[in-house]
Amino acid sequence: MTVTLADVAARAQVSPATVSRVLNGNYPVAAATRERVLKAVAELDYVLNGPASALAAATSDLVGILVNDIADPFFGIMASAVQSEIGGSAGRAGGERLAVVCNTGGSPERELNYLTLLQRQRAAAVVVTGGAVEDGPHASAIAAKLRKLTAAGTRVVLCGRPPAEDTGAVALTFDNRGGARQLTAHLIGLGHRRLGYIAGPEERTTTRHRLEGHRQALAAAGLEDDPTLTVHGRYNRRSGYEATWDLLRRAPDLTAVVAANDSVALGACAALREAGLRIPEDVSVAGFDDLPFSVDAVPALTTVRLPLSEAGARAGRIATGREEPPPGGIATVRGELMVRGSTAVPRG
């Protein structure tokens with residue numbers, strides 16, 4: 001059933017005119033009244049400007065791009081690639097689309113709020129980048145929101161995120177398990193047996209999938225998965241630095257550090273140098289993603305290259321209808337192992 005302005009007014013116990021004033025922001029309304037109206041809007045999932053069934057033919061020229069952290073090159077590369085593909089598509093005003101980058105800061109609440117705002121703005125398309133939060137209620141809320149968006153005519157593409165079944169969203173998902181398995185297998189093949197692993201935040205799908213791939217490689221080689229050799233942290237340099245000191249205290253005999261991503265790997269390198277250890281002569285270091293600075297690190301990082309720009313560009317084309325979605329609405333994007341100077345055969 002379509003939610004109307006009158007429904008919101010009844011829930012908030014105000015007049016429809018008051019609801020309109022709050023939503024349009026063109027007339028002073030008491031703070032308590034405004035809060036009551038906005039709460040009713042959120043509870044009823046009200047969409048501005050008419051019934052959702054009419055929106056498919058009346059979407060705006062807006063494309064929303066959700067990222068965890070725009071300062072992180074992982075997200076910046078994808079967002080830039082999406083934006084490069086949305087101009088000159090089938091919109092009005094000469095075919096241009098307006099890209100709006102929504103920085104969630106990794107907050108599940110902000111992610112949901114941005115999707116709601118884009119729904120209210122009748123966005124033509126939404127691209128959601130990066131891994132998902134593994135929380136049951138949040139996942140259900142996100143799935144419900146994606147269903148409403150696609151039902152209203154908004155194209156939704158998940159880029160670097162697991163599929164959201166029965167939502168109508170297209171998923172370009174990264175093979176994080178396969179890449180991590182290949183990376184750890186490379187180190188094991190060099191002769192490393194004591195490998196420290198710096199994982200990302202425990203609640204993220206990307207973290208779990210990469211850690212699973214690492215553990216699969218250990219199991220395939222008959223090596224024990226020692227829980228003391230795994231440390232969780234954020235996907236940034238500081239986390240890698242602090243986690244590496246932690247690993248060195250737990251296991252001073254480790255010969256390799258596998259990092260959740262390249263930024264974490266840089267922090268690991270800094271900590272190892274401060275500890276008087278050489279890379280890779282004393283300890284090998286490996287990252288993930290192949291961010292632009294990886295090849296310029298000293299030594300250059302062994303890592304898994306994810307085609308971030310290519311995936312983002314494809315997401316942009318699908319989101320604007322310039323490329324057909326993959327069969328079944330799901331495509332797996334695989335990484336490539338890049339062996340560089342930060343990994344070597346362990347000493348003696």
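Reader: How far apart are the mean positions of the positive and negative charges of the chain?

Author: This is a predicted model, where local features need pLDDT of at least 70 and side-chain atom pairs count only at pLDDT 80 or more, while totals for chains, interfaces and linings use all residues. Residues are numbered from 1 along each chain as its sequence is written, and side-chain values use heavy atoms, leaving out hydrogens and water. Lys and Arg count as positive, Asp and Glu as negative, with His and the chain ends not counted; each charge is placed at NZ of Lys, CZ of Arg, CG of Asp or CD of Glu. For the 37 positive and 36 negative charges of the chain, the separation between the mean positions is 4 Å.

Reader: Is serine 84 buried or exposed?

Author: Serine 84 is found in helix α4, a helix being a DSSP run of H or I with at least four residues and a strand a run of E with at least two, numbered from the N terminus. Buried means under 20% relative accessible area, exposed over 50%, and partly exposed in between, with a 1.4 Å probe and protein chains only. Serine 84 has 54% relative accessibility, so its class is exposed.

Reader: Is glutamate 85 buried or exposed?

Author: Glutamate 85 also belongs to helix α4, which covers residues 73-86. Its relative accessibility is 15%, so glutamate 85 counts as buried.

Reader: Which residues does glutamate 85 touch, not counting residues up to four places away in sequence?

Author: A contact means heavy atoms within 4.5 Å. With residues up to four places away in sequence left out, the partners of glutamate 85 are Ala313, Gly316, Arg317, Thr320 and Arg322.

Reader: Among contacts between residues at least 6 apart in sequence, what share joins residues at least 24 apart?

Author: The chain has 11 helices and 12 strands. Of its contacts between residues at least 6 apart in sequence, the share joining residues at least 24 apart is 75%.

Reader: Which element gives the most to the lining of the largest cavity?

Author: A cavity is a set of points on a 1 Å grid over the protein atoms alone where a 1.4 Å probe fits but cannot get out, and lining residues have an atom within 4 Å of a point. The lining of the largest cavity includes Gly131, Phe174 and His209. Both β5 (170-174) and α8 (205-220) supply at least two lining residues. With 3 residues, the element that gives the most is α8.

Methods: 1 Å grid on protein atoms, 1.4 Å probe; cavity = no way out; pocket = protein on both sides within 12 Å on 5 of 7 lines; lining within 4 Å.
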